[in-house]
Amino acid sequence: MSTAASGTKTIIEFDDKVVRQFLVATMVWGIVGMLVGVIIATQLAVWQANFNTSFLTFGRLRPLHTNAVIFAFVGNMVFTGVYYSLQRLCKVRMASDFLSKLHFWGWQLIIVAAAITLPLGLTRGKEYAELIWPINIAVALIWVVFAVNFFWTIAKRNEPTLYVGIWFYIATVITVAMLYIVNHLSIPTSWTHSYPIFGGVQDALVQWWYGHNAVAFFLTTPILGIMYYFLPKAAGRPVYSYRLSIVHFWSLVFLYIWAGPHHLLNTALPVWLQSLGMLFSLMLWAPSWAGMLNGLLTLRGAWHKLRTDPVLKFFAAAVTFYGMATFEGPLMSIKSVNALSHYSDWTVGHVHSGALGWNGFMTAGMVYWLAPRLWNRKLHSTQLANMHFWLGLVGILLYVAAMWMSGITQGLMLSATRESGSILAYPNFLDAVTSTMFLHHIRAGGGLLYLAGFILCGYNLWKTAWGAETVNGTMEVFVAEKRHAMGLGRGFLNAPVLYSLALVAFSIGWAALPATWGGLCIVGILATVMGAVTHKEFSGTAWSDWYEELLANSLQFSLLTALAVATGGIVQIVPTVIMQKAGNMEGVRQIPYTPLELAGRDIYVREGCYNCHSQMIRTLVGDVLRYGDYSKLGESIYDHPYQWGSKRTGPDLARLGSKYPNVWHYNHMLDPRNVSIGSTMPNYPWLFRDKTGVEALVSKIAVQKKLGVPFRETTLSEIQESCAKQAGVIAADLKTAGVETPPDREIVALIAYLQKLGRSEPVKPAPSAPPVVQR
């Protein structure tokens, strides 16, 4: 592209100090997060590893592990890669050193706050979104700081065109903000507790719109941007196909956002949402593999370097794991496959093949490439880097293979029937647990090997940096006059965008409208495709010229990206929030909790029970025979947050109420082995010592009422009277069974909640409105 005649040359010194800081933080938090992961993997194989201590139980440490690995390890890695590559791709120093420092230290303080609060049981009870509301506000503010610095730097750039890596960074910054804010909308009840504004099916859909796309836009798109920068640099080869990268980017950011409902297949989620989730998940095969092939084919002519270069080893393996994970994901979104895989260890294996293989290995490759450049010294030991690679690879294979075998075994055993499908072949849930126990030992061993590899990486980085002279990169750039900006009309009112919008509109109409109109929409889809192909053929280079002009205008590019990622969420979430309310439920509706039961539910959430137990009986024969009639939408409509779960280390609890006497629950929480031989569940002795926080229920119930839950009790005296009465009944029943406990203990509140599960009431159809008499 030609350069303006007027301008000046200047030397740019990049801000690589913040890159070094984020790189070191990546290694520190990565090792911490993986260590916690090894601990909780051990706890699933050896229950004694919970140490009878509240802040060390699996239910509290598992959220710490996931948040540490996602936001501390990968988050710091993403910021490392973005700050390094963005300055060089834009040929300009970061716009504000102050904002960079604020971003770094703010992010680390957030991580420390999470590391303190999560083991204390301060949680929102939603996977990957457990942090309490003050920390969430801090996350949003620091993300805004990052976004301002990011877009300000792009606006100041001396390179006219946005490189493909920056496209993925832009999608990440925009989409993560949208996802995080919507899913974390809550009403506080105190400084450390809140209830999400969504409940039941609404909360389930919003959660997995966020949860799935957190994987997409925090663990995938920024890493793809890093891949598009660092892989060609390491290989000394250009990106294989620029056109393929265009297809990869736009199809990925549009399709990914629709796929969240595939986490809720065969549940009470409306069928149209399940079908959309499965359909778009299958379509994701194409853009995901386009990115994988673009990455691997970039290595053409450089494959011989893999024998000696650990950086390329890690990058090549990472891209391969990305391809494997993005093949397996759509496969698991097929309803029949999902019936086997969901709630089992297969999902755990799938997640970790991506997290360890894709995220972890991309991180290691980037660290080994950056370290010599940031500290102006040769990497301390290539041999240690190679040893890290093989330790990590063997660790991943052991981990994933164990979880695949365990998950498939669990799925088959728990769904197996005999006598023409009328009774369960394995009626005791623990049969599936004990039969796969040895595989959990292998899993923990694989995780330990992977951790050992990253400890080697940390040592290698430390030896490289120790005593070295830090250096900031420099570049001579030509500062040209700013080009004329593209108008918004030119950015949006053009053939590629209009054809895309028409295609989306006709597709939504085909899915949502009655048969006749749906048929017309199919005709519209075909006509749009044919019109677009014909127009492209006869327009010459007009479309390519427009896209090149778009890449020189970051505002229009960012707005189009925002439109692409917002469409799916709007189509799926808005109708669900409007229609799926308590007043619209048909058939059955959940009976609201009493104050004591609400206190017990908050204890259940605090202890992280949702990490091991679901509260959703799927529309599958095995589930119905084992747990009772399948769950209906109205049965969880008052649950803030929802508790459908995503993993069954223990049985489903949706219809647990009245199944066992109070004393069974008492003994089960005291020592699960007393009533369930072979259980790996920890003991909960503190529940028998600590008192139920009845005073806190005043603000909690006030918020619940704002959210539409019809509580009768509102004042402290009414709440205390209700709790004392119900707790007294339970304590008296326990005494009759030979167990004495004060009625104000947390175990009594928890028993009250567990005995309420599955209680619902029939809902009469709303009477039809009387006819309007015209006068």
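Q: What share of the 775 residues in the protein chain is buried?
A: In this predicted model, buried residues make up 58% of the chain. A residue is counted as buried when its relative accessible area is under 20%.

Q: How do you know whether the radius of gyration of the protein chain agrees with a compact globule?
A: For 775 residues, a compact globule would have a value near 28 Å; the chain has 28 Å, so the two agree. Along its principal axes, the C-alpha trace spans about 90 × 85 × 55 Å.

Q: Why is the pair of Phe79 and Trp143 called tilted?
A: Planes under 30 degrees apart count as stacked and those over 60 as edge-to-face, with the rest tilted. The planes of Phe79 and Trp143 stand at 55°, so this pair is tilted. The ring centres are 6.0 Å apart, and the limit for a pair is within 6.5 Å.

Q: What makes this a link between distant parts of the chain?
A: Phe79 lies in helix α2 (residues 58-90) and Trp143 in helix α4 (residues 133-155), 64 residues apart. Both Phe79 and Trp143 are buried. They also belong to one aromatic cluster, whose members include Phe71, Tyr83, Trp105 and Phe146. The structure holds 56 aromatic pairs.

Q: How do you know that the charged end of Arg88 sits over the ring of Tyr84?
A: The distance criterion asks for CZ of Arg within 6 Å of the ring centre, and the direction must be within 35 degrees of the ring normal. The charged end of Arg88 is placed over the Tyr84 ring, 3.6 Å from its centre. Arg673 sits over the ring of Trp47, with its charged end 3.6 Å from the centre.

How values were computed:
Residues numbered from 1 in each chain as written. Predicted model: local features only at pLDDT ≥ 70, side-chain atom pairs only at ≥ 80, totals over all residues. Heavy atoms only, no water. Helix = DSSP H or I, 4+ residues; strand = E, 2+ residues; numbered from the N terminus. Buried < 20%, exposed > 50% of the residue type's maximum accessible area, 1.4 Å probe, protein only. Rg over C-alpha atoms; globule rule 2.2 N^0.38 Å.
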